[in-house]
Amino acid sequence: MQGFKKAFAEQLRLALPSQEVTLERPKDYQKGDLAFPCFKASQSLGMSPQSLASLLASKIKIKDATIEATGPYVNLRLLESVRSRETLASTLGNYPLPPQEKKNATILVEYSSPNIAKLFTIGHVRSTMLGHALANIYAQEGYEVVRLNHLGDWGTQFGTLLAAYELWAKDSNPELEKNFPWAAEYSSESTTPLHRLLQLYIRFHAEEEKNVSLREDARAWFKKLENQDPDARRLWKKFRDLSLIEFNRIYERLGVTFDSLEYGEAFYEDQIPGVLNALDSKGLLKEGENGSKVVDLSEEGFDIPCLIQKGDGTSIYASRDLAAALFRKSKWNYERCLYVAGSEQNFHFQQVFAILSKIDPWFKNKQTHVPFGLIKLPEGKMSTRKGNVIFLEDVLNEARDRIQKIISAKNPELSNQAATSEMLGTGAVIFINAFNDRNTSITFDWNKVLAFEGDTGPYVQYAHARICSIFRRAGGSWSQWAEPRSEDFGRLHFESIELPKSLQGLDHASAQHLIFELNGLEPALKASAISLSPTSLARQLLTISKAFSVFYNDSPILNVEQSEAIRQSRLLLCLATARVINQGLRWLGIFAPTEM
RNA sequence: GCACCCGUAGCUCAGCUGGAUAGAGCAUCAGACUACGAAUCUGGAGGUCGGGAGUUCGAAUCUCUCCGGGUGCACCA
């Protein structure tokens, strides 16, 4: 396909000297494989796009392809046999997409970043899986990717935890397990240490409403923590360790990894003075209210200064974000750093990025906040403090259980039902997040999040499972060829397959449509990289799966009274489809079952 | 007051840097399992793309404005 693209563009450039030639992919596969829109060129030539298109179409000749003008477009359409061969040859190598040239540049992706002592809610799945997908996509695009988790293990919120522990749990107060009615709904797991810490956190904020002085206790505890108080440090470490055990369990369940979990907020504790110095030496640090230190950003159009140090001398998240950026610059000398965090932090990141550019012009335009909308409840915002949240594990468990019921009804013979239910349930939850634009806020609805028919993860997974089912019947090495031999950072590595001399039985519409859509994987991946959103990738996977379902429905593959050559060719198309789906899902963080 | 996001079919949403007749899913109606898995497929119905103005050969897409919804604005992150 690349060869045809090059040849087509070259001939267009010859015919249109000094014109910009960019090729598109037609939306409708029947129009062809490549399209040149004539609008711009025709304007500067003083003719209508239609007549330019037909003029160009008569001039351009490319072997194995027809060139025709359709209205204002010149379309290149490959001969069916050539399209089949080109596509299968390129998808049945080691990788479904060829490895991109090394960019020799590093992209940092900061994502997930949960707070210590809080359980993952359904909201966390967005940052976690969005960041995971972006990291995979940029790795495929040839970048060196560093996966960072800016763990929320520092700050006054930690002070609240210490204060609450001191008040109510110091001597393992049995009351800790009561008084939180909502927790009873999660009784099976509410006895884990993290649940207890969360209960402390919630209780603290509930009592704080009645007793404002508790707020001061929390700040005092954080000050003790920053002042190396041994008790505070010991508890900090304990709480952090307990939390990480839970976090790692969730990450394992989601198949998400980080380069390191060490670079949380606490990691930058000893680097805060450096930040203050850097700001001060540039004359940026100003006195704020109550003895605090701030950076004035009125020149940048912000009517509120950015708080850098609190009145009691303790640090705040902005200072830690600045420290993190300075550290990252010296460690990775990055090209770009993506901050995958909720849109409610928009203002904060604008401030931080503005300050970074003031400290050092190097930072200009290197940081990007990748925001996403909230997941809300029908009654409004979720709030961990208030306890009206949906926990991620409950969603994953419910998804798994509902799938299990469906399997019991539809495929009771299935051998590894537990693993498959997990794969499909989690796949559904992850897919729906990738499927929708990250900016839109979602109102949580069990039946929508856990839908398994139509435009869903399981639909795509089903297409894969069906293909694998065909391979099991086909025998030979087919099943084995559909299995990746290895994986590195989301990229699947398969056995390279040689094509037979002639491909037969692929010239009809449904096969050609499927082939056309397989070619859409790469553009979709590029679009996802540019838009910093896996949506176009997820949608293309769905489109491919739909095209496969149509093909499957109208094209006998195994039990045909046809030639072995046709059977062979159609199996190869199935193989290419399975690999593309498997790879695409894996980029999103979803696994493709061979049976379901 | 400052900043950001959203408004497209009954519902949930796609529609990429303006471009070929505005697309999916759900729901609804009518069909397809004695063919490789019906978690599927085929077809019907359903939209003055929130209103208005502007830029353009061309606007769901860009600009302005208004209306409606959501979010954040210094001692939480």
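This short talk describes how two domains of chain A meet and how the protein surrounds RNA strand B.

Good morning. Please keep in mind throughout that the structure before you is a predicted model.

I shall begin with the domains. The domain assignment divides out two parts of chain A: domain 1, covering residues 2-78, and domain 2, covering residues 397-588. Their C-alpha centres are 33 Å apart. Where the two parts touch, 6 residues of domain 1 are in contact with 9 residues of domain 2.

How much area is buried between domain 1 and domain 2? The size of an interface is often expressed as the accessible area that is lost when the parts come together. Here the figure is about 580 Å², and carbon and sulfur atoms give 58% of that area. On the side of domain 1, the residues that lose the most area to domain 2 are Arg-25, Tyr-29 and Asp-33, which together account for 87% of what that side buries.

Let us turn to charge. Side chains of opposite charge can pair when their charged atoms come close. Across the interface of domain 1 and domain 2 there is 1 salt bridge. Arg-25 and Glu-517 meet through their side chains in a salt bridge, at 3.6 Å from N to O. As for composition, the side of domain 1 that touches domain 2 consists of 2 nonpolar, 2 polar and 2 charged residues.

A search of the whole structure finds 29 salt bridges. One further salt bridge joins Lys-237 to Asp-241, with the closest N and O atoms 2.8 Å apart. Both of these residues belong to helix H9, residues 230-254, and they are 4 residues apart, about one turn of the helix.

I now come to the RNA.

Arg-473 places a polar side-chain atom 3.1 Å from a phosphate oxygen of RNA strand B. Ser-555, by contrast, uses its backbone: a polar backbone atom lies 2.8 Å from a base nitrogen of RNA strand B.

Thank you for your attention.

Terms used: Residues numbered from 1 in each chain as written. Chains lettered and ligands numbered in written order. Predicted model: local features only at pLDDT ≥ 70, side-chain atom pairs only at ≥ 80, totals over all residues. Heavy atoms only, no water. Domains from an automatic or database assignment. Contact = heavy atoms within 4.5 Å. Buried area = accessible area lost by both parts, 1.4 Å probe. Salt bridge = Lys/Arg side-chain N within 4 Å of Asp/Glu carboxyl O. Nonpolar A, V, L, I, M, F, W, Y, C, P; charged D, E, K, R; others polar. Near = heavy atom within 4 Å. Polar contact = N/O pair within 3.5 Å; in protein donor to acceptor, adjacent residues only side chain to side chain. Helix = DSSP H or I, 4+ residues; strand = E, 2+ residues; numbered from the N terminus.
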